[in-house]
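Work through the exercises below with the coordinates open. Try each task before reading its solution.

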2 protein chains.
Amino acid sequence: MTVDDPAVAARGERARDWFETLRDRLCTVFEAIEDEAESTPARGLPPGRFERTEWQRPGGGGGVMAVMRGRVFEKVGVNVSTVTGEFSEEFRGRVRGAADDPRFWASGLSLVAHMRSPRVPAAHMNTRHLITTEWWFGGGADMTPTIADPLDTSEFHAALREVCDRHACADYPRFKTWCDEYFYLPHRGEARGVGGIFYDDLATDWEADFAFTRDVGSAFLEVFPRIVRRRMAEPWTVGEREALLVKRGRYVEFNLLYDRGTVFGLKTGGNPEAILMSLPPEVRWP
Amino acid sequence: MTVDDPAVAARGERARDWFETLRDRLCTVFEAIEDEAESTPARGLPPGRFERTEWQRPGGGGGVMAVMRGRVFEKVGVNVSTVTGEFSEEFRGRVRGAADDPRFWASGLSLVAHMRSPRVPAAHMNTRHLITTEWWFGGGADMTPTIADPLDTSEFHAALREVCDRHACADYPRFKTWCDEYFYLPHRGEARGVGGIFYDDLATDWEADFAFTRDVGSAFLEVFPRIVRRRMAEPWTVGEREALLVKRGRYVEFNLLYDRGTVFGLKTGGNPEAILMSLPPEVRWP
């Protein structure tokens with residue numbers, strides 16, 4: 001196969017359509033939460049609304065950054081990008097299926113939510129579809145609470161386990177361990193958060209792998225808003241907010257030191273505003 | 001030569017003594033500035049005092065972190081560390097003089113000052129002495145203003161140029177360019193600050209190179225406090241403070257993505273608290 005086979009391109013378009021549909025659903029739910037937040041400690045602030053910014057990639061394609069700065073979601077970004085191009089000599093040997101034909105097509109959704117309340121976990125979700133002379137899916141979802149609540153954590157993990165259990169192509173124990181190993185800060189000896197799932201190079205059967213990838217997004221769309229709604233009205237202390245700002249520092253350390261997508265994107269001329277949308281709005285290293 | 005030759009070790013001790021002396025002088029001046037700050041916009045806060053914390057390196061040696069959280073210096077750290085050990089197989093081929101004998105000795109002073117006022121530049125200064133089967137000095141000083149003032153910048157550059165001009169082993173144009181090239185964020189297309197000097201692998205004549213390295217520290221000790229004292233009483237606006245917090249984000253991006261000392265230190269088991277003392281106390285990515 002090649003990246004421009006009509007059947008391959010048509011599947012790519014289906015993946016892209018899904019990522020855009022999921023983005024719209026996520027934005028709708030998050031804006032609804034903003035409207036419901038009249039009883040939260042941040043009720044004096046106006047409800048947030050997403051602002052969308054289109055960007056073009058010089059090498060081909062582009063994306064839309066949707067960012068909301070609200071009263072529950074202090075800063076949440078939902079990026080959908082669909083890019084095409086050719087890998088440089090340096091990357092051809094390192095990317096699956098790119099050794100003989102460097103052309104690629106990639107589409108994905110990336111979400112990072114930094115919450116105003118230290119009692120609501122931060123969350124990350126990403127799913128993507130890659131095409132070279134091969135194709136594969138990757139993605140995952142994980143939470144970073146400041147004050148880890150066993151109920152939130154177990155609900156989040158259960159939702160992702162149920163998704164994996166419904167799909168033969170998925171392996172929850174492996175994907176959970178992969179997440180724990182990936183989101184780890186060796187210099188601190190700390191996990192970034194409470195984990196979730198992480199998967200990459202998923203290429204068993206296209207329809208099956210796409211269905212699983214859609215389900216990861218749908219599960220996140222269901223479980224994360226439920227956790228947010230349960231916690232968002234809880235009052236917090238100054239000390240808890242300070243702990244949140246310090247915890248966010250660990251998030252920054254992880255993303256800039258270790259996150260492959262961030263480091264790869266920045267060092268290969270990606271859009272820094274879109275890539276660094278993941279960084280928290282306010283951080284402390286006291 | 002080897003790292004444990006008595007003459008080599010004695011020179012190392014002289015370098016170490018200097019770094020500790022310079023640290024004490026810097027701390028004394030910075031505390032004096034804190035006391036003088038009764039007319040600054042942050043006069044309601046108590047004058048800061050350095051707190052020192054000793055740490056041991058598991059592989060050998062250790063250091064002292066001196067940190068002050070004050071009203072002019074929002075967070076300033078002055079680290080002196082003196083460490084010994086053996087380079088891993090991976091590093092032997094990459095470090096000067098370590099191919100056949102992996103033992104090393106290293107001592108240095110590292111200073112990062114994040115100021116409360118957006119009208120006072122942040123500053124960085126570092127000088128170090130390394131010994132393997134060879135020896136060399138390295139270091140430099142640079143400023144990162146939020147609102148670059150031509151007088152501050154030209155005074156700072158002039159002080160460093162004068163130091164270089166007094167020492168035959170130093171080359172101001174080369175060291176200035178080295179600094180500009182090193183403290184650059186390619187993903188932003190931005191310089192981290194207004195530069196200064198940067199040098200490494202300096203090994204012409206031990207006494208001459210040590211004298212230059214001392215003079216870099218002494219020049220910084222003179223010029224930076226002068227700039228701080230000139231600017232610290234100026235009132236600032238909320239918008240200027242916000243610009244400072246955003247500028248600090250670029251500082252974090254540089255240190256975690258590109259700074260060799262930070263990345264090398266964290267990935268080789270250095271003390272994360274000492275290494276990341278360079279990160280600003282409060283940062284925004286709005």
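The exercises that follow treat a predicted model.

**Exercise 1. The interface in numbers**

Task: Find how many residues of chain A are in contact with chain B, and how much area the two chains bury between them.

Solution: 
- Start with the contacts. 23 residues of chain A touch 23 residues of chain B.
- Next, take the area. The two chains bury about 2,100 Å² between them, with 61% of it on carbon and sulfur atoms.
- A:L256, A:L257 and A:W285 supply 28% of the area that chain A buries against chain B, more than any other three residues.

**Exercise 2. Polar pairs and the surface of chain A**

Task: Count the salt bridges across the interface of chain A and chain B, then describe the side of chain A that touches chain B.

Solution: 
- Apply the distance rule, a Lys or Arg side-chain nitrogen within 4 Å of an Asp or Glu carboxyl oxygen. The rule finds 4 salt bridges across the interface.
- Inspect a salt bridge between A:E273 and B:R188, at 3.2 Å from N to O.
- Assign elements. On the side of chain A that touches chain B, α6, α7, α8 and β10 of chain A each give two or more residues. The largest share, 4 residues, comes from α6(A).
- Sort by class. That side has 14 nonpolar, 1 polar and 8 charged residues.

**Exercise 3. Strands across the chains**

Task: In which sense do β10(A) and β10(B) pair?

Solution: 
- Locate β10(B) at residues 282–284.
- Read the pairing. The two strands run in the antiparallel sense over 3 bridges.
- A:R284 stands opposite B:E282 of β10(B).

**Exercise 4. A link within chain A**

Task: Which parts of chain A does the pair A:E74 and A:R241 tie together?

Solution: 
- Begin with the total. Over all chains, the structure holds 68 salt bridges.
- Take the pair. The side chains of A:E74 and A:R241 meet in a salt bridge at 2.8 Å, N to O.
- A:E74 is in strand β3 and A:R241 in helix α6, so the pair ties together parts 167 residues apart in sequence.

**Exercise 5. A helix of chain B**

Task: Compare the span of α5(B) with the expected value.

Solution: 
- Count residues. Helix α5 of chain B covers 206–231, which is 26 residues.
- Compare spans. The helix reaches 38 Å from first to last C-alpha, close to the 38 Å expected at 1.5 Å a residue.
- Look at the start of α5(B). A side-chain oxygen of B:D205 comes within 3.2 Å of the backbone nitrogen of B:E207.

Note on methods: Residues numbered from 1 in each chain as written. Chains lettered and ligands numbered in written order. Predicted model: local features only at pLDDT ≥ 70, side-chain atom pairs only at ≥ 80, totals over all residues. Heavy atoms only, no water. Expected span 1.5 Å × (residues − 1). Polar contact = N/O pair within 3.5 Å; in protein donor to acceptor, adjacent residues only side chain to side chain. Contact = heavy atoms within 4.5 Å. Buried area = accessible area lost by both parts, 1.4 Å probe. Nonpolar A, V, L, I, M, F, W, Y, C, P; charged D, E, K, R; others polar. Pairing = 2+ DSSP bridges.
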